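Dear colleague,

I am handing over the structure below, together with some notes on what was found in it. Please keep in mind while reading that this is a predicted model.

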Amino acid sequence: MKILVLRFSSIGDIVLTSPVLRCLKQQVTGAEVHVATKRAFADLVAHSPYVDKVHALDDDIGALARSLKAEGFDHIVDLHHNLRTARIKRVLGVPATSFAKLNIEKWLLVNLRMDRLPRIHIVDRYMDTVKHLCVSNDNKGLELFIPKNREVDLNTLPETHRSGYVALAIGAAHATKRLPPFKLIELAQRIEGPIVLIGGPDDQEVARSIADAVGARVFDTTGKYDLLGSASLIRQARSVIAHDSGAMHVACAFNRPVVSVWGNTVPAFGMGPYQPQHPERAMIAEVAGLDCRPCSKIGHDKCPRGHFNCMEKQDLAHIALLANNSR
């Protein structure tokens, strides 16, 4: 059976598809598994032993649809479920299943504080799309594969960081999912030993402020490595601190102890740190009891109420303690 899996973005969402890819390949006899994703994220699936071919989306969804049509797929597994994937399914005209996004339930929680969300992780919602193929969750967790030539050699880091470090991933897609810079500085000051800052080019200004305040214990890698390079640094960390972001899911893919820091979003959305074989390594830091949270299913550029209590009131000492003790 030739199967197309659709998930165009983003980092965390794609890493979360890895159990589906593995279980399809291992549990469906003769399965040929293809993945369509944005070119920027192709590396996240390109090196998986469970993926036979990756189809990269650039700007032209029509061109991608036409090339996929020529492949002659037997079935589509839509793990994105939006207008673009609807177009792909319409063009290909083969049987397809799509995962439940639970948008109504999320809207009720955000806007009316009515919690109708099932307590089921998105991985299991993804798995529901393939259960008709007699595929079930093997509970082995997430995976991300990095070729040896794409790994970061720790000997290229400062000598002080070669024997171990805490990875502090400072980025997230939206401002209300990130600790403010002054809180990140305080958190870094509370972390014991060497720290490696993880992030993209957009995080460099904040990273410099952390490094300036904390000193040589901090090695700033923001904007210096590609996607797999940053993932390699997370894989080799003693422990990881990350926001509700792709870095959190990457840490889980490598079974690293991870402290996930939650602001305007909530784990109840079903995208918390997923480590079914080592749940003790998947730690959550959030400010309980706020009547304004969640204020969005995704995030905002700034706190809608102006106080930003979901991040301002985070217990940084506790977060640092969890990271320091998880090695």
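**The sheet and the helix across it**

The model, which is predicted, contains an open sheet of 5 strands in the order 3-2-1-4-5, with parallel pairing. Its edge strands are strand 3 (53-57) and strand 5 (96-98), each of which pairs on one side only, and from one strand to the next the twist averages 20°. Helix 4 (residues 61-69) lies across strand 1 (2-6), strand 2 and strand 3, and runs at about 155° to strand 3.

**The aromatic pairs**

A pair of aromatic rings is described by the distance of the centres and the angle of the planes. The structure holds 2 aromatic pairs. One of them joins tyrosine 50 and phenylalanine 145 in an edge-to-face arrangement, with 6.1 Å centre to centre and 65° between the planes. Because tyrosine 50 lies in the loop between helix 3 (43-46) and strand 3, while phenylalanine 145 lies in the loop between helix 7 (122-128) and strand 6 (166-169), this pair ties together parts that are 95 residues apart in sequence. Tyrosine 50 counts as buried, at 15% relative accessibility, because the cut-off for buried is under 20%, whereas phenylalanine 145, with a relative accessible area of 26%, is partly exposed.

Phenylalanine 99 and tyrosine 126 also form an edge-to-face pair, with 5.0 Å centre to centre and 75° between the planes. Here phenylalanine 99 lies in the loop between strand 5 and helix 6 (103-112) and tyrosine 126 in helix 7, so the pair ties together parts that are 27 residues apart in sequence. Phenylalanine 99 counts as buried at 4% relative accessibility, and tyrosine 126 is likewise buried, with a relative accessible area of 0%.

**Lysines over rings**

Which lysine lies over the face of phenylalanine 73? That residue is lysine 2, at 5.5 Å from the ring centre. Lysine 106, in turn, lies over the face of phenylalanine 269, at 5.9 Å from the ring centre.

Key
Residues numbered from 1 in each chain as written. Predicted model: local features only at pLDDT ≥ 70, side-chain atom pairs only at ≥ 80, totals over all residues. Heavy atoms only, no water. Pairing = 2+ DSSP bridges. Helix = DSSP H or I, 4+ residues; strand = E, 2+ residues; numbered from the N terminus. Axes fitted to C-alpha atoms, helices over the stretch in contact; angles between N-to-C directions. Contact = heavy atoms within 4.5 Å. Phe/Tyr/Trp six-rings, centres within 6.5 Å; stacked < 30°, edge-to-face > 60°. Buried < 20%, exposed > 50% of the residue type's maximum accessible area, 1.4 Å probe, protein only. Lys NZ or Arg CZ within 6 Å of the ring centre and 35° of its normal.
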